[in-house]
Structures are given as structure tokens and as C-alpha cells.
Amino acid sequence: MGSLEVERTTIGWAARDPSGVLSPYTYSLRETGPDDILLRVLYCGVDHTDLHQVRGELGNTKYPLVPGHEVIGEVVELGSKVKNFKVGDIIGVGGIIGSCEKCTLCNSNLEQYCSNRIFTYNDVYKDGTPTQGGYSSAMVIHHRFAVKIPEKLAPEQAAPLLCAGVTAYSPLKEFMDSGKVYKGGILGLGGVGHLAVMIAKAMGHHVTVISSSDKKKEEAMEHLHADAFLVSRSEDEMKQAINSLDYILDTVPVVHPLPSYISLLKTEGKLLLVAAVPQPLQFLAADMIRGKKAIMASFIGSVKDTEELLNFWEEKGLTTMIEVVKIDVVNEAFERMERNDVRYKFVLDVAGSNLQ
Ligand code: NAP
Ligand code: ZN
């Protein structure tokens with residue numbers, strides 16, 4: 001990495017229009033303010049939300065857009081007030097890089113729901129500049145939104161935990177403490193889903209993977225140690241599983257029929273919705289009412305949740321299943337993710353790529 005003057009300009013891979021095709025893009029970074037950290041990006045996870053966003057599927061994309069909110073970086077420069085990190089630390093940055101820092105939500109580790117939250121990319125920072133994500137050589141972020149990556153975790157391994165992992169952990173941790181063996185369903189075995197299976201298993205749950213085909217059955221049972229596998233297209237299998245689950249974590253990113261999944265829930269069961277499906281989803285009120293069932297949604301997790309997850313991950317000795325690629329194949333990686341052809345997540349080796 002060159003001098004700090006050079007680092008004020010960074011190069012990222014940006015989408016310019018709803019085709020979502022990424023190509024190199026040069027832009028300026030703000031100065032490192034007293035509370036800020038300048039980081040050199042090492043790795044960045046590829047999340048389905050990145051694909052929704054570059055294509056403008058969530059309706060608010062501002063181009064050019066550099067995605068990436070599973071960022072692993074090395075601290076290069078610190079603001080004068082930053083005491084909890086030092087130069088050379090390996091840190092992680094997830095889905096938000098700002099909030100009001102004083103509301104009830106911010107004060108109760110729910111800053112991801114703060115009405116003044118600032119998204120890591122596709123947003124506007126307090127100084128009026130567009131926020132750009134981790135498919136780039138460097139970022140400047142407020143230290144409050146960084147987490148330290150435990151030394152024993154390989155940095156590329158930790159990347160998926162910063163968004164996909166915490167998206168699963170945050171709603172699942174409500175089912176962690178009671179000592180009861182919950183029966184959980186993980187719907188969609190992709191980036192979020194595969195981490196959710198590992199997390200739920202490590203919490204001691206009985207885990208059923210609900211998948212659109214039987215293609216991932218062997219790996220789900222053998223590598224992820226799921227307890228059961230249910231093919232959602234099989235009417236017979238779905239019928240047999242009616243009223244059997246305490247919760248279902250729903251990660252399917254396209255429109256899908258909620259009633260058939262709701263029928264799998266026991267009385268008082270919960271559908272935990274995390275997929276950002278860009279079209280309306282439908283369900284029947286009577287199905288919910290008669291079973292006192294609930295649909296709950298959840299958005300990423302707090303910095304505290306992320307720190308908890310990193311420790312949990314290290315303590316339980318878990319391993320993410322990733323394919324590490326250089327940034328020049330990111331467009332192909334998006335296509336493969338869309339075709340459901342990745343086990344289970346791409347991580348970009350940003351520092352090892354030629355970004356030009
Ligand atoms: P992903 O890797 O593409 O996985 C999605 C999985 O859904 C697939 O592996 C597939 O599993 C299943 N699926 C079923 N039908 C599909 C279809 N027609 N097309 C694609 N997948 C299909 O996605 P992800 O990165 O896990 O993200 C999942 C969703 O969560 C996205 O909508 C993303 O935006 C959202 N998300 C939300 C948050 C949050 O804070 N709430 C955070 C991160 C991501 P099977 O093969 O098992 O059917
Ligand atoms: Zn706030």
C-alpha cells in the first residue's frame with residue numbers, strides 16, 4: 001500500500017446501471033476523521049443483497065454503486081479518538097457504518113434499526129458523500145461499526161459472518177438459552193442458509209434443511225450435519241412434516257409460497273423472514289390465527305451480535321464453506337450465485353486482485 005495521499009483515491013468495482021455489471025471505478029475517500037479508521041480491504045464476501053442492489057431490485061439504487069458489506073480489512077490509519085484498534089489489526093465491517101449513536105435503539109444494541117442508520121454502500125454519509133462498499137481497495141469507516149477479527153479465525157473465513165452469518169445468528173439466538181431442543185427449519189441452503197444450519201446445530205437444535213431440490217441433500221447431511229432434509233417441491237415430504245417445526249428461517253430470495261411453509265410450523269411457531277424478496281409475499285391470515293403463528297423479520301445484526309457470533313464461531317470450531325475468487329470474475333460469480341451454483345458463498349480476494 002502506498003502513501004496515505006495515494007490512499008485518498010481508491011478503486012472499486014462498480015455497477016453503472018441496472019444491468020448490474022461491475023467494472024473498475026475510481027473515487028475519493030474522505031479524510032480519516034477523529035473517530036475514523038482507514039482500512040485496506042483484504043477480502044469481501046459476496047451476498048445476494050449485493051446482487052439485488054446492483055440490479056436496482058430493491059428500488060433505491062444510486063449508480064455508480066460499489067457493493068460489498070462483508071468486509072475484512074487491515075487498519076492502516078486511525079483517528080485521534082480511536083483507542084480500541086491499532087494499526088495492523090484485522091477488522092470486519094458489516095451492513096451499516098453509521099447511526100445516530102444516541103437513540104434508544106442505538107443504546108440497546110439495535111443500531112441496525114436506527115432511523116438514521118447509514119448503509120455501508122448505496123447510502124449517503126454524514127458529509128454528503130455516497131457510501132461505497134468493500135469491492136474496493138480501501139474504505140474509511142467510523143470505528144464504532146468495526147469489529148476485531150479473532151486471531152484464530154482466517155480472515156477470508158470470517159468475511160461471510162459479517163452479514164450472512166449475523167443475519168442468521170441474530171434471530172436464532174432468541175432460541176439459544178432455554179436448554180430446549182428446538183426443531184428448526186432452514187429454508188434455502190445458500191450463503192445465509194448454510195451458516196444458519198451450522199449456527200443452529202451448534203446451538204443444539206434439531207435442524208431440517210428445506211431445499212428446492214434434492215441436489216444438496218448429501219452435503220447438507222454429511223458436511224453441515226443437518227438432521228433432516230426436506231424437498232419443498234415434494235408434496236409427500238411436505239405433508240409428512242406438517243406441524244413439526246418451532247421456527248423456519250426463510251432465506252429464499254425470490255417469490256415463494258408462504259402457506260406451505262407456514263403449515264410446517266407447530267402452534268406458536270415462528271417464520272423468521274430474512275430474505276429481501278423484491279416482490280410482495282402472500283399468506284393466509286387464518287393459517288396464522290388458527291395456529292397462533294407469527295412472521296417475524298430481522299435485519300442483519302448489531303455490532304454486539306457480530307462480536308458474539310465471531311466468538312461463538314471460534315469457540316465451536318466452525319468453518320464457513322466458501323469459494324475464494326479474484327475480483328475480475330465477480331460478474332461470473334453473481335451469475336453463478338443466481339443460478340444457485342456455489343457452495344455456498346463467494347469471497348473476493350480483494351488484496352490479491354488487480355483492481356484496475
Ligand atoms: P443465496 O446464496 O443466493 O441463497 C439463496 C438460496 O435460496 C439458494 O441457495 C436456494 O437454496 C434458495 N432458492 C430457492 N429458489 C431459488 C431461486 N429461484 N433462486 C435463487 N435461490 C433460490 O442468497 P443469500 O446470500 O443466502 O441471501 C438470501 C436472501 O437473504 C437474499 O434475499 C438476501 O438479500 C437476503 N439477506 C438479508 C439479510 C437481512 O439482513 N435480512 C442479510 C443478508 C441477506 P436451495 O437450493 O436450498 O433451494
Ligand atoms: Zn440511533
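Tutor: A residue counts as near a molecule if one of its heavy atoms lies within 4 Å of that molecule. The model is predicted, with local features needing pLDDT of at least 70 and side-chain atom pairs pLDDT 80 or more, while totals for chains, interfaces and linings use all residues. Residues are numbered from 1 along each chain as written, chains are lettered from A and ligands numbered from 1 in written order, and side-chain values use heavy atoms, without hydrogens and water.

Student: How many residues surround ligand 1?

Tutor: The closest include His 48, Thr 49 and Ser 211. By class, the shell has twelve nonpolar, twelve polar and two charged residues. The number surrounding ligand 1 is 26.

Student: Which helix gives the most to the shell around ligand 1?

Tutor: Helices here are DSSP runs (H or I, at least four residues), numbered from the N terminus. Both α2 (48-54) and α6 (191-202) supply at least two residues of the shell. The one that gives the most, with three residues, is α2.

Student: What lies 2.5 Å from an oxygen atom of ligand 1?

Tutor: Polar contacts are pairs of N or O atoms within 3.5 Å. A backbone N or O atom of Gly 191 lies 2.9 Å from an oxygen atom of ligand 1, and a backbone N or O atom of Ser 298 lies 2.9 Å from a nitrogen atom of the ligand. At 2.5 Å from a ligand oxygen lies a polar side-chain atom of Ser 211.

Student: What share of the accessible area of ligand 1 does the protein cover?

Tutor: Accessible areas come from the Shrake-Rupley method with a 1.4 Å probe. On its own, ligand 1 has 910 Å² of such area. The protein covers 89%.

Technical notes: Polar contact = N/O pair within 3.5 Å; in protein donor to acceptor, adjacent residues only side chain to side chain. Nonpolar A, V, L, I, M, F, W, Y, C, P; charged D, E, K, R; others polar.
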